Each structure stands twice: as structure tokens, then as C-alpha cells.
Amino acid sequence: MPRRGLLSTLSAEARTLAVPGVRARRGTNRSAGWLAAALLAPTLVFLLAFTYWPLVSSVVGSFQRFGRIGAAPSWVGLGNYEDLWHDALFRQVLVNTALYALVAGPLAVLFGLAAAVAVDGHQRLRLAARTLIFHPVLLPTVAIAATWLFLLNPVSGPVAALITRLTGRAQGLLEDPGTALITVALVAVYKNCGLYMLFFLAGLQAIPRDLQAAARVEGASEWLVFRHVTWPLLGPITFYVAVTAALDALRNVDHIFVLTRGGPANASNVLLYEMYLKAFEFRDIGRASALTVMMVALLLSLAVLVMPRLERGVHYEA
């Protein structure tokens with residue numbers, strides 16, 4: 001057989017042998033693709049139904065004004081945003097939201113870190129701290145708020161009685177516009193700091209003890225060991241906890257429903273609670289949608305502008 005004919009025959013046989021393998025791989029890839037699509041479908045449907053579609057509806061609704069139920073909405077463009085911007089109550093709500101986030105977020109992180117450092121290395125104390133400090137995390141926020149509503153009752157509450165005994169005058173912390181916002185923020189700190197303590201405990205237990213021991217051998221005090229060894233190695237945990245605490249401070253308002261309902265005189269009213277009032281109490285869907293868009297824009301700005309800057313000083317390797 002000529003050489004050219006032999007090469008043609010071998011090439012044809014090679015293609016004959018290779019095609020079934022290629023087809024088999026293509027069939028396997030298609031099967032894997034359908035399996036992946038089937039596994040992702042429930043999550044995608046959930047996101048479309050409860051996240052993306054409501055967000056799109058809120059954006060469209062923020063440019064409309066709704067009348068009575070059943071009536072067609074009218075297009076007002078940026079009218080809802082202009083009305084909110086010129087509303088003194090809206091500006092007060094923004095200030096309340098900023099103050100609430102600045103108190104509830106950092107204090108919860110600080111107390112969680114302090115509790116974790118205090119019980120780290122003490123097995124019995126660690127178990128007790130997990131029971132006492134983490135216990136509020138397991139309870140519903142409404143239950144925690146109802147408990148503190150009883151404790152802070154100005155007539156029969158033990159905390160109010162203790163404050164009266166110490167200061168010499170009765171004071172309702174939830175009834176005073178000057179203390180209501182700080183009080184509800186501290187209730188949120190009590191609810192969340194136990195969860196952050198567990199995160200910090202996990203981070204502390206992952207730090208090599210040899211590094212801390214070497215610093216002590218060099219004569220460093222416990223504060224210097226924490227400042228220059230422990231704290232930098234807790235950077236990833238601190239970053240995660242700080243972001244979680246900021247989000248919790250902006251989206252958790254269950255205790256405000258129970259404790260103050262935004263009062264007195266809107267002193268404890270925050271953005272998410274005002275959104276609820278506009279939508280479900282006053283049926284002002286247009287302005288509630290505008291508040292929703294502002295809330296999402298605020299969260300996106302935090303994610304895009306603030307988080308990368310905070311992450312620059314985080315070291316993920318010891």
C-alpha cells in the first residue's frame with residue numbers, strides 16, 4: 001500500500017476511534033450542565049421572587065404616587081425623593097439611623113472582642129461565658145425586647161428602680177427623647193455581642209500560641225502582645241464581624257417595634273422603621289419605595305467605598 005494511502009487509512013481509523021470519546025465527553029458535559037442548572041434553579045427562583053423583583057418594583061414605585069387601593073398610580077418622577085429631602089422628619093430619621101449604627105455596631109464588636117479575650121484560655125470560664133453571653137443570641141429579638149421592656153418599666157422595673165436609687169430621681173429611659181435611642185441601641189448590643197464573641201473566640205484559638213509566647217519571652221506586656229501580635233492576626237475576623245455588625249445595625253428593628261415604636265417624638269425612629277410606617281401604616285407606597293431605594297444605595301455605597309478601604313489593613317496570613 002502506498003504511504004499516502006496508509007496515512008489516510010490510519011487517520012480515518014483515528015477519527016473513528018476518537019468520535020465516540022468526544023461524544024461521550026460532550027454528553028457528560030451536557031449532563032453536568034443540566035444537573036447544575038437543576039441544583040441552582042430553586043435558589044435562582046427564590047432570589048428572583050423575593051430579592052430582584054421586589055427591588056425592581058421598588059425602583060419603579062419610587063417614581064410613582066399611589067392613591068386609594070385599586071386606583072392606578074400616577075407618575076411623579078423624582079417627586080417622592082424631593083418630598084423626602086424637604087421633610088424634617090426624614091432628616092431626623094437619617095440622623096437617628098447614623099447615631100444608632102455608630103453606637104450599636106462598634107459597641108457590639110468591642111464587647112464581643114473583650115469577652116472573647118477575657119475567657120480565652122480558661123476552659124471553665126469559656127463555657128460559662130458561652131452560656132451567659134451567647135444565650136441572648138438564641139432567643140428571638142422580640143423576646144429580648146419584651147424582657148427589657150419589663151426591666152426598664154419606670155414603675156415596676158428593677159433596672160428603673162436601681163437607677164432611681166442611684167440618681168435619686170425616677171427616670172424612664174424609654175420615655176425620655178434624650179435616652180430612648182441609646183437605650184434601644186444597647187438592647188441590640190446585648191442581643192448581638194454573644195455571636196461576635198464566638199467569632200473572636202474561634203479566631204483566638206486559631207492563632208499559634210508560640211507567637212504570643214515568644215513576645216512574652218522578649219519582655220512584652222500583655223497589652224503589647226495583644227496590640228502587636230493578637231490584634232493583627234485577628235484582622236480577618238474583625239473585618240467580617242465589623243461588616244456583620246454594621247449590617248445588623250441597619251436592618252434589625254424588631255426591638256424598636258416592642259420597646260418604643262419609634263418614639264417618643266420620633267427620637268428612636270430609624271430608616272427601616274420609617275419605611276415600615278410609610279408602607280403599612282400610612283399606605284404611602286411611593287415614598288416607602290423611595291426609602292427602600294435609598295437604603296439599598298446606602299448599603300451598596302458601604303460595600304463599594306468603605307469595605308475595600310477597611311480590607312487594606314487586613315492580613316490573611318500569619
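How many aromatic pairs does a search of the whole structure find? I got 11 aromatic pairs. I counted rings of Phe, Tyr and Trp (its six-membered ring) as paired if their centres lie within 6.5 Å; planes under 30 degrees apart are stacked, over 60 edge-to-face and the rest tilted.

A reminder to myself: this is a predicted model, where local features need pLDDT of at least 70 and side-chain atom pairs count only at pLDDT 80 or more, while totals for chains, interfaces and linings use all residues. Residues are numbered from 1 along each chain as its sequence is written, and side-chain values use heavy atoms, with hydrogens and water left out.

I looked up F63 and Y81 next: their ring centres are 5.9 Å apart and their planes at 50°, so I noted the pair as tilted. F63 sits in the loop between α1 (3–61) and β1 (64–65) and Y81 in helix α2 (residues 79–85), so the pair ties together parts 18 residues apart in sequence. Helices here are DSSP runs (H or I, at least four residues), as are strands (E, at least two), numbered from the N terminus.

Buried or exposed? I used under 20% relative accessible area for buried, over 50% for exposed and partly exposed in between (1.4 Å probe, protein chains only). Y81 is buried at 18%, and F63 is partly exposed at 23%.

Then I checked F257 and Y276: with centres 4.8 Å apart and planes at 65°, the pair is edge-to-face. Ring pairs also link F257, Y273, Y276 and F280 into a cluster.
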